[in-house]
Amino acid sequence: MAATIRLGTQGWNYDAWVGPLYPEGTRPADFLSVYARAFQTVEVDSTFYAIPPAKTVRGWAERTPEDFAFALKLPQEITHERRLRDSDDLEQLFYERARELGPKLGPILMQLGPDFSPSELPALAHFLPRIPTDISMAVEFRQRGWIHDGIIALLAEHNVAMALVDGRWIPRKQMQALAARPTADFSYVRWMGPNREVVDYSRIQYDRSRELESWAAVLHALANRTSIVYGYVNNHFAGHSPASVRELQILLGQKPVMPDALGEQLSLF
């Protein structure tokens with residue numbers, strides 16, 4: 001494979017992971033540093049709800065190794081409330097905070113709501129040229145009407161990745177087929193699951209092996225077309241996202257870090 005494939009979860013701050021992933025007795029303040037011994041990247045969901053203080057962002061960077069990468073979600077005030085309009089001030093503030101991560105800043109995810117329809121294309125077209133050149137952006141659509149040649153060309157013009165999402169909004173086969181037509185020099189994949197029924201995040205509750213096997217082939221294809229592939233699993237995908245990530249890593253020939261190894265590492269301190 002020509003590219004690096006970096007896999008992680010959507011978030012790290014889950015009490016239910018104490019035992020299944022984090023060693024017993026791990027304090028919430030230590031979740032991130034322990035998580036970063038198991039995975040090389042994480043998608044931060046909290047930035048969707050509010051722009052974090054600079055001190056908080058610097059703290060994330062300080063608690064992770066040099067080769068770690070954070071993917072941040074663009075705030076909902078930009079995407080859902082202002083709908084990409086009249087948001088220059090918030091955009092600049094968010095990018096400023098994101099840059100506090102330094103070299104650990106990965107891609108930014110622009111998640112558009114299911115009510116953001118293709119009729120709002122002018123807002124998207126006006127937003128894309130404003131993305132700073134040092135920011136890698138991926139966009140997630142939740143309406144099938146967005147998936148067409150014109151949008152692919154528009155995103156490619158601005159080196160913005162179309163996020164490939166395994167969820168309930170757009171059929172898996174349609175998403176996977178887009179791996180043949182990447183729109184940026186990096187790729188972004190998310191595994192959301194078909195519903196929100198899962199409430200226990202401590203264990204796998206749905207067998208998604210067949211889905212993950214099909215996605216492993218897609219990740220190989222993306223790795224041959226882009227320089228880096230980022231992928232993030234949600235707890236709702238199968239019940240316990242760290243286990244799903246490890247399954248994907250094995251399918252890709254990567255060597256996962258098992259939870260018992262984290263316990264051994266923790267005992268050294």
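Guide: What follows goes through the sheet, then one of its strands, then the helix packing.

This is a predicted model, in which local features need pLDDT of at least 70 and side-chain atom pairs count only at pLDDT 80 or more, while totals for chains, interfaces and linings use all residues. Residues are numbered from 1 along each chain as its sequence is written, and side-chain values use heavy atoms, with hydrogens and water left out.

The sheet is open and has nine strands in the order 6-5-4-3-2-1-9-8-7, with parallel pairing. Strands here are DSSP runs (E, at least two residues), helices are runs of H or I with at least four residues, and both are numbered from the N terminus. Two strands pair if DSSP finds at least two bridges between them. Strand 6 (161-162) and strand 7 (164-166) stand at the edges with a single partner strand each, so one side of each has no neighbour in the sheet.

Strand 2 (residues 41-44) runs parallel to strand 1 (residues 4-10), and three bridges join them. Within strand 2, V42 stands opposite T9. Towards strand 3 (residues 69-73), strand 2 has four bridges, again parallel. T41 has A69 of strand 3 as its bridge partner. Both faces of strand 2 are covered, with T41 and E43 buried on one side and V42 and V44 buried on the other. Buried means under 20% relative accessible area, exposed over 50%, and partly exposed in between, with a 1.4 Å probe and protein chains only.

Helix 10 (residues 241-251) packs on the sheet and touches strand 1, strand 8 (186-191) and strand 9 (228-233). Contact means heavy atoms within 4.5 Å. The direction of helix 10 makes about 165° with that of strand 1. Axes are lines fitted to C-alpha atoms, for helices over the stretch in contact, and angles between N-to-C directions run from 0 to 180 degrees.

Helix 10 also packs against helix 8 (residues 209-223), at an angle of about 50° and with the axes 9 Å apart. The two helices, helix 8 and helix 10, are therefore oblique to each other; angles under 35 degrees count as roughly parallel, over 145 as roughly antiparallel, 65 to 115 as roughly perpendicular and the rest as oblique. On the helix 8 side the contact is made by S209, L212, E213, A216, L219 and H220, and on the helix 10 side by S244, E247, L248 and L251.
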